[in-house]
Amino acid sequence: MSAKIIDGKQIAAEMREQLKAEVAGLAKKGIVPGLGVVLVGDDPASKSYVTAKQKACQEIGIYSDDNRLPESTPQKDLINVVNRLNKDPKIHGILTQLPFPKHINETEVLLTIDPAKDVDGFHPINVGKFVTGHKAFLPCTPHGVVRLLIRCGVKIEGTDVVIVGRSNIVGKPLANILIQKSPLGNATVTVCHTKTRNLAEHTRRADIVVAAAGRPNTITADMIKDGAVVIDVGVNRIEDPTKKTGYRLVGDVDFERVKEKASMITPVPGGVGPMTITMLLYNTVESAKITTGLA
Ligand code: NAP
């Protein structure tokens, strides 16, 4: 039986409609959520992510402060921009698009962001808070994955989840959300990586497999048990001469074959991606509510 294809675009659109209504309600109280966006350099993927995030802000009524800096920007100038956004009362969230150019120390810049405006949830204070079960901004991609599961009626509690990938932005925070004693968690989680001895042995016993490796075909049909839920976070460009651009996007999962075994599966594109931006908007609105005493 073919899996239900999880429509991340549709679910994200529904959530954005709810956020739009919430933002309209805040506007009546004179509150406009604001997001400060900082992009350093000309990386085409980063540029298109930032443009998509700003368009999404506009669509739901979030004010966006756009800061595009040249590749050669010294770290101290970047930090000055972050500090200006930290002090600006119109700004409730700050997004510094990663990766930075090589001469910039990512950790030093992230530490400069006011944790109260850290809507990406990468500041160690926020990481520490949510790992210890306290309220904090949850990183957008893992939070989006969990919201997708919940919206699709997947009961997370008690399931065996295998996550492939242990990055600070996807694998590790997702594991931390899913093991929390909370409605978003209560799962039993295994995190795999390139030093995992037998990846298939782990994925085959999972109720939910999340692939965040950044490599096409990391998850094949023989690695999935019948009826598992498969979430593909990966975004990989592969050559495709039939496309105008010369490439197409694929995930980490062999979608065509795995969908014949799974009960639910996310496509790439159109699965996790739209949720990531939505959760950024969600965190920015939350931040505006917290700052103004409404949450
Ligand atoms: P990353 O920092 O490169 O981490 C990849 C992780 O996968 C590492 O932990 C690596 O293990 C592990 N890995 C790689 N190949 C593996 C294999 N064959 N078997 C087992 N583990 C393997 O990547 P990331 O930033 O987490 O991103 C992962 C993917 O998600 C990328 O394709 C990225 O573009 C995509 N992504 C999508 C969104 C979205 O919104 N849709 C957001 C963020 C990222 P080691 O630690 O041992 O190296």
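How do α1 and α2 lie to each other: which of roughly parallel, roughly perpendicular or oblique applies? This is a predicted model, in which local features need pLDDT of at least 70, side-chain atom pairs count only at pLDDT 80 or more, and totals for chains, interfaces and linings use all residues. Residues are numbered from 1 along each chain as its sequence is written, and side-chain values use heavy atoms, with hydrogens and water left out.

Start with the helix pair. The axes of α1 and helix α2 (residues 44-60) come within 8 Å and cross at roughly 55°. Axes are lines fitted to C-alpha atoms, for helices over the stretch in contact, and angles run from 0 to 180 degrees between N-to-C directions. Helices (H or I, at least four residues) and strands (E, at least two) are DSSP runs, numbered from the N terminus. α1 and α2 are therefore oblique to each other. Angles under 35 degrees count as roughly parallel, over 145 as roughly antiparallel, 65 to 115 as roughly perpendicular, and the rest as oblique. On the α1 side, R16, L19, K20 and V23 meet A56, E59 and I60 of α2; contact means heavy atoms within 4.5 Å. By class, this contact has four nonpolar, no polar and three charged residues. Here Ala, Val, Leu, Ile, Met, Phe, Trp, Tyr, Cys and Pro count as nonpolar, Asp, Glu, Lys and Arg as charged, and the others, Gly among them, as polar.

Helix α1 (residues 8-28) also meets helix α6 (residues 140-151). Their axes come within 11 Å and cross at roughly 95°, so the two are roughly perpendicular. G8, I11, E14, M15 and Q18 of α1 touch R147, L148 and R151 of α6. That contact has three nonpolar, two polar and three charged residues.

Now the sheets. Three strands form an open, parallel sheet in the order β3-β2-β4. Two strands pair if DSSP finds at least two bridges between them. β3 (63-69) and β4 (93-96) are at the edges with a single partner strand each, so one side of each has no neighbour in the sheet. Four bridges join β2 (residues 34-40) to β4, and L35 stands opposite G93 in β4. Helix α3 (residues 75-87) lies across β2, β3 and β4, at about 170° to β3.

Another open sheet has six strands, paired in parallel in the order β1-β11-β8-β7-β5-β6. Its edge strands are β1 (4-5) and β6 (188-192). Strands β8 (residues 229-232) and β11 (residues 264-265) pair over two bridges; V229 has M264 of β11 as its bridge partner. Helix α7 (residues 171-178) lies across β5 (160-164), β6 and β7 (208-211), running at about 165° to β5.
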